[in-house]
Amino acid sequence: QNNTVMGKSAATTLTSGHENAVFGQEAFGSATSAYQSVAVGALALNDVTTPGGNIGIGYKAGEKITTGSNNIAIGFESFASHTTTSTSVAIGYRSQKFATNTSNVSVGGHTMESASCTGQMNTAVGTQAMASLTTGSFNAAFGRRSGFAITTGGTNSFFGNGSGQAV
């Protein structure tokens, strides 16, 4: 109901979802009752099934989100491995690509890209900021490669190019 869909194999399983905008090959491919979401780009929000309020813009942006809601993924493979995350933002090339966390904000290429990132309530701004984060929570990193090496630390703040690079 009130959906706009364009693209080969886009939103082919959408049955009761409403107010979605889907543009791109196989975008929203598994959606059944997802609502009020935007998917733009090939495979964007491809595995989403029932959540709402997600935005995926870019190739494979938010591809693996299944039941998470209220996420924003903008950029090539941003949130590409997230499944159930909610209220997170990833903007930039592979931003939070492998992360499985919730309530994080990352802006910049490769930010919080770690293959096992489960930390929560983190903010990373700048190319490769907190790129190695695994379980750390409540951290803030602003600047290129700031907090780059932090893995499990919590409640840290890094400001400036390369700050906290060896923590």
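User: How many aromatic pairs does the structure hold?

Analyst: The structure holds three aromatic pairs. Rings of Phe, Tyr and Trp (its six-membered ring) pair if their centres lie within 6.5 Å. This is a predicted model: local features need pLDDT of at least 70, side-chain atom pairs count only at pLDDT 80 or more, and totals for chains, interfaces and linings use all residues. Residues are numbered from 1 along each chain as its sequence is written, and side-chain values use heavy atoms, with hydrogens and water left out.

User: What describes a pair of aromatic rings?

Analyst: The distance of the centres and the angle of the planes describe it. Planes under 30 degrees apart count as stacked, over 60 as edge-to-face and the rest as tilted. Take Tyr59 and Phe76: the ring centres are 5.3 Å apart and the planes stand at 25°, so the pair is stacked. Tyr59 lies in the loop between strand S4 (55-57) and S5, Phe76 in the loop between S5 and S6. They are 17 residues apart, so this pair links distant parts of the chain. Strands are DSSP runs (E, at least two residues), numbered from the N terminus.

User: Which aromatic pair does Phe76 form with Tyr93, stacked or edge-to-face?

Analyst: Stacked, at 5.2 Å centre to centre and 10° between the planes. Tyr93 sits in the loop between S6 and strand S7 (105-107).

User: What is the relative accessible area of Tyr59?

Analyst: Buried means under 20% relative accessible area, exposed over 50%, partly exposed in between (1.4 Å probe, protein chains only). Tyr59 is partly exposed at 36%. Phe76, at 32%, is partly exposed, and Tyr93 is partly exposed at 39%.

User: What is the order of the strands in the sheet?

Analyst: Strands pair if DSSP finds at least two bridges between them. Here 10 strands form an open sheet, with parallel pairing, in the order S1-S2-S3-S4-S5-S6-S7-S8-S9-S10. Strand S1 (4-6) and strand S10 (157-159) stand at the edges with a single partner strand each, so one side of each lacks a neighbour in the sheet. S5 (residues 72-74) and S6 (residues 89-91) pair in the parallel sense over three bridges. Ala73 has Ala90 in S6 as its bridge partner.

User: Where does the charged end of Arg145 sit?

Analyst: A charge sits over a ring if NZ of Lys or CZ of Arg is within 6 Å of the ring centre and within 35 degrees of the ring normal. The charged end of Arg145 sits over the ring of Phe148, 3.9 Å from its centre.

How values were computed. Helix = DSSP H or I, 4+ residues; strand = E, 2+ residues; numbered from the N terminus.
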